[in-house]
Amino acid sequence: MNPIKYYRLTNEMKQVDLAQKLHVTQRTVSGYESGKISPPINKLIKISEIFGVTLDDLVKNVSLKSTT
């Protein structure tokens, strides 16, 4: 599972909620989660702050690999 989607669902957040926090559209968040769009570094930093995880967790799937 895509790490952004994983952390969003773990935090019981809808795509539209994350989109509002990132100042992007819900469609953009959907693109991040599907892998069709790569988030720019400033958005990755913001996502890591929102979910309280490291950039490694988002980019390398470090936490997800250890649970699968």
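How many aromatic pairs does the count come to? The count comes to two. The sections below describe the predicted model from its overall make-up down to single residues.

## Overall make-up

The protein chain contains six helices and zero strands. Read from the N terminus, its elements follow the order α-α-α-α-α-α. The chain has 68 residues, and 35% of them count as buried.

Its accessible surface amounts to about 4,400 Å², with 51% of that belonging to carbon and sulfur atoms. If contacts are limited to residues at least 6 apart in sequence, 46% of them join residues at least 24 apart.

## Nonpolar core

In soluble globular proteins, nonpolar side chains tend to be buried together. The largest nonpolar core in this model consists of 13 residues. Ile4, Leu18, Leu22, Ile47, Phe51 and Leu58 are the members with the most contacts inside this core. At least two core residues come from each of α1 (3-10), α2 (15-22), α3 (26-34) and α4 (41-51).

Ile4 illustrates how parts of the chain meet. Setting aside neighbours within four places in sequence, Ile4 touches Leu18, Ile47, Phe51 and Leu58, among others. The list of its contacts also includes Tyr32, Glu33 and Pro39.

## Aromatic residues

One of the two aromatic pairs is formed by Tyr6 and Tyr7, whose ring centres are 5.1 Å apart. The planes of these rings stand at 75°, and the cut-off for edge-to-face is over 60 degrees, so the pair is edge-to-face. Tyr6, Tyr7 and Phe51 make up one aromatic cluster.

Is Tyr7 buried or exposed? Tyr7 has a relative accessibility of 7% and therefore counts as buried, the limit being under 20%. Tyr6, with a relative accessible area of 29%, is partly exposed.

Phe51 also has a place in the geometry of the loop between α1 and α2. Asn11 lies in that loop, and its C-alpha atom is separated by 7.6 Å from the C-alpha atom of Phe51, 40 residues away along the chain. Asn11 is partly exposed, at a relative accessible area of 39%.

## Helix α3

Which residues of α3 are buried? They are Thr28, Val29, Gly31, Tyr32 and Glu33. The buried residues of this helix pack against α1, α2 and α4. Just after α3, Gly35 adopts a positive phi of about 85°.

## Salt bridges

The structure holds two salt bridges. In one, the side chains of Glu33 and Arg8 meet at 2.5 Å, N to O. This pair links distant parts of the chain, with Glu33 in helix α3 and Arg8 in helix α1, 25 residues apart. Both Glu33 and Arg8 are buried. Glu33 is also among the residues in contact with Ile4.

The other bridge joins the side chains of Lys60 and Asp56, at 3.9 Å from N to O. Lys60 has 49% relative accessibility and counts as partly exposed. Asp56 is likewise partly exposed, at 40%. An α-helix has 3.6 residues a turn, so residues three or four places apart point the same way.

## Surface patch

A nonpolar patch on the surface is formed by Ile41, Ile45, Leu55 and Val59. Together these residues have about 340 Å² of accessible area. The elements that give two or more residues to the patch are α4 and α5 (55-59).

Val59 is found in helix α5. Its relative accessibility is 56%, so Val59 counts as exposed, the limit being over 50%.

## Backbone angles in the loops

Most residues other than glycine have a negative phi, and most peptide bonds are trans. Glu12 has a positive phi near 50° and is not a glycine. Glu12 sits in the loop between α1 and α2, the loop that also holds Asn11. With 75% relative accessibility, Glu12 counts as exposed.

His23 has a positive phi of about 60°, although it is not a glycine. Its place is in the loop between α2 and α3. His23 is exposed, with a relative accessible area of 72%.

Terms used
Residues numbered from 1 in each chain as written. Predicted model: local features only at pLDDT ≥ 70, side-chain atom pairs only at ≥ 80, totals over all residues. Heavy atoms only, no water. Core = buried A, V, L, I, M, F, W, Y, C linked by side-chain atoms within 4.5 Å. Buried < 20%, exposed > 50% of the residue type's maximum accessible area, 1.4 Å probe, protein only. Helix = DSSP H or I, 4+ residues; strand = E, 2+ residues; numbered from the N terminus. Contact = heavy atoms within 4.5 Å. Phe/Tyr/Trp six-rings, centres within 6.5 Å; stacked < 30°, edge-to-face > 60°. Areas by Shrake-Rupley, 256 points an atom, 1.4 Å probe, with all protein chains shown as cover. Patch = residues over 30% accessible without salt bridge, like charges linked within 9 Å, V, L, I, M, F, W, Y side chains within 5 Å. Salt bridge = Lys/Arg side-chain N within 4 Å of Asp/Glu carboxyl O.
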